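Take a walk through this structure, one part at a time. Begin with a pair of strands, then widen the view.

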Amino acid sequence: MANTNMEIENNQDKIVLKMENIHKRFGHLEVLEGIDLTVKHGEVISIIGPSGSGKSTLLRCATFLESIDKGEIVYLDKKAVTTSNSGKVIYSPKAEMKEIKQYFGLVFQQFNLFPHWSVLQNVMDAPLKVLKRDKKEVEAEARVLLERMGLADKADSYPCNLSGGQQQRVAIARALAMKPEILFFDEPTSALDPELTIEVLKIIRKLAEEKMTMVIVTHEMSFARAVSNRVIFMDGGFIVEQGDPEQVFGNPSRDRTKQFLKSYSEQA
Amino acid sequence: MTFPTMLMTMASGMLRTILLFILTLLGSIPFGMLVVACKKSKFKPLAWLTEIYIAIMRGTPLMLQLLVWYFGPAYLFGWKVGKFSIFGLEYRFIALLIGFVLNYAAYFAEIYRSGIDSMPVGQYEAAEILGYSKPQTFFGIILPQVVKRVLPAVTNEVITLVKDTSLASILTYEEVFSLAKQISASQTSFLPFVVAGVFYFIANYVVAWIMKALEKSMQYYK
Ligand SMILES: Nc1ncnc2c1ncn2[C@@H]1O[C@H](COP(=O)(O)OP(=O)(O)O)[C@@H](O)[C@H]1O
Ligand SMILES: [Mg+2]
């Protein structure tokens, strides 16, 4: 018993992702101006902020969909990107990047399911083709995942016959099937109607209870407040404020955060 | 000439038409993919050359292209193509195939390209995040969806090809249209043209039916 407790504690200190001094430009537009982000094992972090503040870009840099212009990214014990003293950004060799890419998953706002495959194929294909795992095992796991997502009866359906909420849950199952150490969400419910939003948020909340490490960009303020260990408020490419959700939402220290939260509660 | 005799004579032309049609498709549909790959190549000279090739193929009449392929070697290089043959095929037929395949590949390439370009970037990004390699992404995820997207445009092209095979008569390839002309002249009869017309019509009907069935087989998803 003592041993397992120790392990859990050790795990909680484990740093899954460390991003340091991340800079990103699109042409002359500075989108990220020195972002630091450290995510520990089991942490759930919500990122909020006005549209255009660089939230998506930060996730896209973390997942290498965009390259960075300066900074460092480390996943667990593996350095993915460093910047030399002369300012040259160096990504790790391809083989190493391939391993690092298996540490994370990303759930998109627009789901991006593969429409020509059934739900089950969507969940199974990457473990089969990318990880080259055994088919029986993968299928058994995929069915368990779909069950957890409340989609057991949809295994043979095609994405076009599902509601947006169901599609997003398939996308979450597809990401989880790769057994990522950390899962990123970019506004997972922004394309959904309110009723469908609830069913997706429920699933994410369940994952949080199971101690899945997650970074969630969201506009669902009460969800962020309830689910996360830490809330980050971004504006204009900077992290303006971060901390315990009760503090950030209940007693924000920066005027910009207050303004943003006020404009949000007025909208709602 | 009795009607059955005439039909029998024209049947050989029908077979030649069908042969040209099938060989052109077998060549141009895959070759069109190679052309897209070249056009999208990062090696710029290759991409430009491919663009020029497509522009010429689409910008000049197929009939003219056929004449160039047949007479070009003799006029330009003094080659005696009349005696030249591969696998027992005379050069006349080879020139026809080159002309048809290269011409149709250019059209197919443009159709494939527009299909590929219409794919949402999210499909590539999802594949990238899941760790698929570039070939896995293209052949497993992108290409099957592109096939569905381009099928209607490909159908149009295939139906045009059925009719375009008649251009082969310029190189006195005795397909159904050439034979219709010959028999009509020798028998002073309009009937051969009616037979040819009915043949093309039925051929296109069959093609349209096959393509519809193919489209249907992909309608299980949107
Ligand atoms: N690929 C791109 N090219 C040029 N500008 C971009 C690109 N992606 C994002 N931007 C710009 O970067 C800024 C931040 O965008 P984004 O990260 O999407 O913000 P958020 O997700 O917080 O709404 C915006 O001004 C946006 O227009
Ligand atoms: Mg965004």
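This is a predicted model. Start in chain A with strand β5, residues 78-83. It pairs with β6(A) in the antiparallel sense, over three bridges. One of the contacts to look for is at Thr82(A), whose bridge partner in β6(A) is Ile90(A). Strands of a sheet pair through backbone hydrogen bonds.

Now step back to the whole sheet. Five strands of chain A form an open sheet, in the order β2-β1-β4-β5-β6. The pairing is antiparallel. Which strands stand at the edges? They are β2 (29-40) and β6 (89-91) of chain A. Each has a single partner strand, so one side of each is left without a neighbour in the sheet. From one strand to the next, the twist averages 15°.

A helix packs on this sheet: α3 of chain A, residues 94-101. It touches β4 (70-75), β5 and β6 of chain A. Its direction makes about 120° with that of β5(A).

The largest pocket holds about 890 Å³. It is lined by 32 residues, and among those nearest its centre are Met33(B) and Tyr112(B). Helix α6(B) gives the most to this lining, with 10 residues. By class, the lining has 28 nonpolar, one polar and three charged residues.

The second largest pocket has a volume of about 600 Å³. Of its 17 lining residues, the closest to the centre include Lys101(A) and Glu128(B). Here α3(A) gives the most, with five residues. This lining has seven nonpolar, three polar and seven charged residues.

Notes: Residues are numbered from 1 along each chain as its sequence is written. Chains are lettered from A and ligands numbered from 1 in the order in which they are written. This is a predicted model: local features need pLDDT of at least 70, side-chain atom pairs count only at pLDDT 80 or more; totals for chains, interfaces and linings use all residues. Side-chain values use heavy atoms; hydrogens and water are left out. Two strands pair if DSSP finds at least two bridges between them. Helices (H or I, at least four residues) and strands (E, at least two) are DSSP runs, numbered from the N terminus. Axes are lines fitted to C-alpha atoms, for helices over the stretch in contact, and angles run from 0 to 180 degrees between N-to-C directions. Contact means heavy atoms within 4.5 Å. On a 1 Å grid over the protein atoms alone, a cavity is a set of points where a 1.4 Å probe fits but cannot get out, and a pocket is an open set with protein on both sides within 12 Å along at least five of seven lines; lining residues have an atom within 4 Å of a point. Grid points are joined across faces, edges and corners, and a volume is the space filled by probe spheres set on the points. Ala, Val, Leu, Ile, Met, Phe, Trp, Tyr, Cys and Pro count as nonpolar, Asp, Glu, Lys and Arg as charged, and the others, Gly among them, as polar.
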